[in-house]
Amino acid sequence: MERDVARRVNQHRQGKRLPALRFDTAVAGVARAHSLDMARGRVPLGHDGFKGRANAVERFVVFDEIAENVALNDYPRTRTVSVAIDGWLHSAHHRENIEGAFDLTGVGIARSRNGTYYFTQVFVARRR
């Protein structure tokens, strides 16, 4: 599902004539940890601790800019990814991240005990 999010985001970017984002497994690990924290109730849905995630990414990628999108839904597995992405694309700020001048991404998804899916997508613009 995580790679499916990245693939669909890249399809959207392609439609806007933007370069594809490269999926980075280390960035995905940082995103996944945040999704797990939200799914387990350690942090609320949102961007709490974003600076710490940015610092974690900076340990292995030197970047100029970093951003993230988060979402949750309890749709079936067959629909959860498309619902999350549709929500982001209908939000100006989330869409700005998706269409931004980034070149790397990582996606983490976790499911809570009650079946809710938590999504985190991190966008990184490497230093040039």
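1. Ala20 touches Asn10, Arg13 and Asp103, leaving out residues up to four places away in sequence; contact here means heavy atoms within 4.5 Å. Ala20 sits in the loop between H1 and S1, and at 55% relative accessibility Ala20 counts as exposed (buried is under 20% relative accessible area, exposed over 50%, partly exposed in between, with a 1.4 Å probe and protein chains only). From Ala20 to Val9 the C-alpha distance is 8.5 Å, with the two 11 residues apart in sequence.

2. A word on the basis of these notes: this is a predicted model, in which local features need pLDDT of at least 70 and side-chain atom pairs count only at pLDDT 80 or more, while totals for chains, interfaces and linings use all residues. Residues are numbered from 1 along each chain as its sequence is written, and side-chain values use heavy atoms, without hydrogens and water. Helices (H or I, at least four residues) and strands (E, at least two) are DSSP runs, numbered from the N terminus.

3. Do look at Arg17, in the loop between H1 and strand S1 (22-23). Its phi is near 60 degrees, a positive value in a residue other than glycine. Arg17 is exposed, at 79% relative accessibility.

4. Helix H1 (residues 2-15) packs against helix H4 (residues 77-89) at an angle of about 40 degrees, the axes being 10 Å apart (axes are lines fitted to C-alpha atoms, for helices over the stretch in contact, and angles run from 0 to 180 degrees between N-to-C directions). That makes H1 oblique to H4; angles under 35 degrees count as roughly parallel, over 145 as roughly antiparallel, 65 to 115 as roughly perpendicular, and the rest as oblique. H1 contributes Asp4, Val5, Arg8, Val9 and His12 to the contact, and H4 contributes Val81, Ser82, Ile85, Trp88 and Leu89.

5. Which residues of helix H3 (residues 50-58) are buried? They are Arg53, Ala54, Ala56 and Val57. These cover an arc of only 160 degrees around the axis, which puts them on the same side of H3; the arc is that of the directions from the helix axis to the C-beta atoms. They pack against helix H2 (25-39), strand S2 (63-73) and strand S4 (117-126).

6. His34 belongs to helix H2 and is buried, with a relative accessible area of 2%. Beyond its neighbours within four places in sequence, His34 has contacts that include Val43, Glu68 and Thr120.
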